[in-house]
Amino acid sequence: MLRCRSAKGGYGSTVPTTEPAARRATVFQVAPRDAGHGELRATRLQLPSGSQDDTMSEETMTKKVSDLYPVNAFLGGHAAEIQARIEALEKDRFASRFWRKDPDLWKSDPENRKSIANSMGWIDLPDKISLHAPALAEFARDLRICRFKHVVHMGMGGSSLAPLAFREIFEPGAEGLALTVLDSTSPSTILEIERRLPMAETFFIEASKSGATVESRSLGEYFHARMRAVKGKGAGVHFAVVTDPGSVLVKLAEERNYRGTFLNFADIGGRYSALSFFGLVPAALMGLDVEEILARGLSMMEACGPDVPVKKNPGMTLGVVMGEMALRGRNKLTVIASESLSALGMWLEQLIAESTGKEGKGIVPVVGEPLGDPAVYDDDRLFVVLCLEDEVDGVLESRIDALRKAGHPVIVVPMADRLDLGREFFRWEIATATAGAILGINPFDQPSVQESKDITKRFLEQVRDEGCLVEGKIELGDGPLQFYGIAPGAASAGQALSRFLKGARSGDYLAFLAYLPEASGVEPGLRNLRGLVRDRLKLATTLGFGPRYLHSTGQLHKGGPNTGVFLLITCDDPEDAPIPGQPYTFGVLRRAQALGDFEALAKHGRRVLRVHIAGNPVKGLAALEKAFREAL
Ligand SMILES: O=P(O)(O)OC[C@H]1O[C@H](O)[C@H](O)[C@@H](O)[C@@H]1O
């Protein structure tokens, strides 16, 4: 339902002063649908309450039941177990119960049953949200008419990773706005965006299901204050929120006359929200073909329907493979994504890690690790190849073939084109929820995420009370590297790392938790470290930039199996930015988040070491690589 209301503030102020008078008049014509005063038209898009409906219409589900989406799977000797599991699920009427949102497929205690029943609003999203695609296109058209050129999407985890995938995988449409996704508290990232984008032509989306996430709230306040400095009371026309009904953002948007309020379904968790307003609003503003993306999602939804046998269900069979492989020790789901699809890997990482990493169980997604020869991998891997059909070349094929020949299971998921992203979002959501049932966990909650947040809050209160963060004592300094939390007796960086890595066993993974700028030179430096550890120790490696990973793999790190070895890397911020209304800056917030997670990991008995880089992070990473070479 699209509801228009008028609000004070004027389009006039959003139009560059060079705007021809005729165009300005057109802008004003868009506005007065209800009030007729040439005032700002605010959009409020609310999804129908039918979201809680348990039943799919006959028509929807029988239209095109198909098994058109097979994955090409080599099961590395596990075909019999997988077949047996498929038969067991069939006997248990898994598919029809799944579509009836039966919580007992996962958990039977009252608390989990309630949480699961309230989290399955995503299963028919491609169908029920497609009604709203024209309204999204209209919203995007209004922004174009008002001469907006850029959109900044601010959100964390499930509220930003699908937009990031759209941003990285697609070129903006011919008339689309250029999308920037901001999911960081790094001062240099924030200031770079502020310097790069002309405020008068920039539109901001604050996306948060809860409306309470500290990063998104701080970013929203920062850029609203900046816009007010430029536009005064007219700042609101540059903003929209995507959130759940009743969140503080709804009220805020009303008070500040924001241009748009997109109310999502409350029964969809962040990581299952790609095809809801959280993913689709930025996609529409980029000028993407949202209707076609949803049509692809719908075709997968139908192929995964309640009447399709599990063995022909492209989402559930994938989930069975993921779950069964994990139970058999192959729980490092290693994504080999072609360059153009690498951002899909980041979305998948959150979906899989946060959904399955709990109760000491979990599937560890390994994304962005350089592809190696079969000999550098332990037998804890399940490989998944994500590629566009026309990107599969002889080199990739022969490398995949080598993995198969060495006995590693490999699944190839080809996409006909980029629009198939709609299809894959849906397939992997079904697959992950199915794998969750096999592992016997609730795939829709994230009980361990709060702990780091609580400790971070304690550090920030310390700043409020004492004026600064207390970081603990540097236990070893070696050139630009300063170590915290090392085993006693180490006299050099190499020795500190050697002692730290000594206990790493087959089946463990090394996670690099980088509170570093995502600037040129940093990522290659970290990539080198990953390659080194993987090749020398045969350990799976992961990389997360802080604070993004807290909302992605953070749950798995603390709630999953105690097989992670964590190297947390911080560095100095060369510049900083204030957070309106707070006694601390973005730089302090980010450091408090790093310290909060370090403490939470230690509390869970995880093996964790912190190294701080003094000065240039690229040089620091080079020193770290040298130390790793000494240690391994
Ligand atoms: O959308 P929000 O309420 O701001 O939540 C953003 C993120 O916050 C937490 O970290 C959760 O673990 C994520 O699942 C969620 O996506």
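A: Let's start with Asp-573 and Arg-590, whose side chains meet in a salt bridge at 3.6 Å, N to O; the term stands for a side-chain nitrogen of Lys or Arg within 4 Å of a carboxyl oxygen of Asp or Glu. Asp-573 sits in the loop between β17 (564–571) and α22 (586–603), while Arg-590 is in helix α22 itself, so the pair ties together parts that are 17 residues apart in sequence. (Helices are DSSP runs of H or I with at least four residues, strands are runs of E with at least two, and both are numbered from the N terminus.) As for cover, Arg-590 has 4% relative accessibility and counts as buried, whereas Asp-573, at 27%, is partly exposed. Here buried means under 20% relative accessible area, exposed over 50%, and partly exposed in between, with a 1.4 Å probe and protein chains only.

Before going on, a word on where this comes from: it's a predicted model, in which local features need pLDDT of at least 70 and side-chain atom pairs count only at pLDDT 80 or more, while totals for chains, interfaces and linings use all residues. Residues are numbered from 1 along each chain as its sequence is written, and side-chain values use heavy atoms, with hydrogens and water left out.

Now for Lys-107, which forms a salt bridge with Glu-359, the closest N and O atoms being 2.9 Å apart. Lys-107 lies in the loop between α4 (94–99) and α5 (110–117), and Glu-359 in the loop between α15 (342–356) and β10 (364–367), so this pair links parts that are 252 residues apart in sequence.

Glu-324 counts as buried at 4% relative accessibility, and Arg-328 as partly exposed at 36%.

Salt bridges can also join up: Glu-292, Arg-296, Asp-417, Asp-420, Arg-423, Glu-424 and Arg-427 are linked in a network of them. The total count comes to 42 salt bridges.

As for the setting, the chain has 23 helices and 18 strands, and buried residues make up 60% of its 632 residues.
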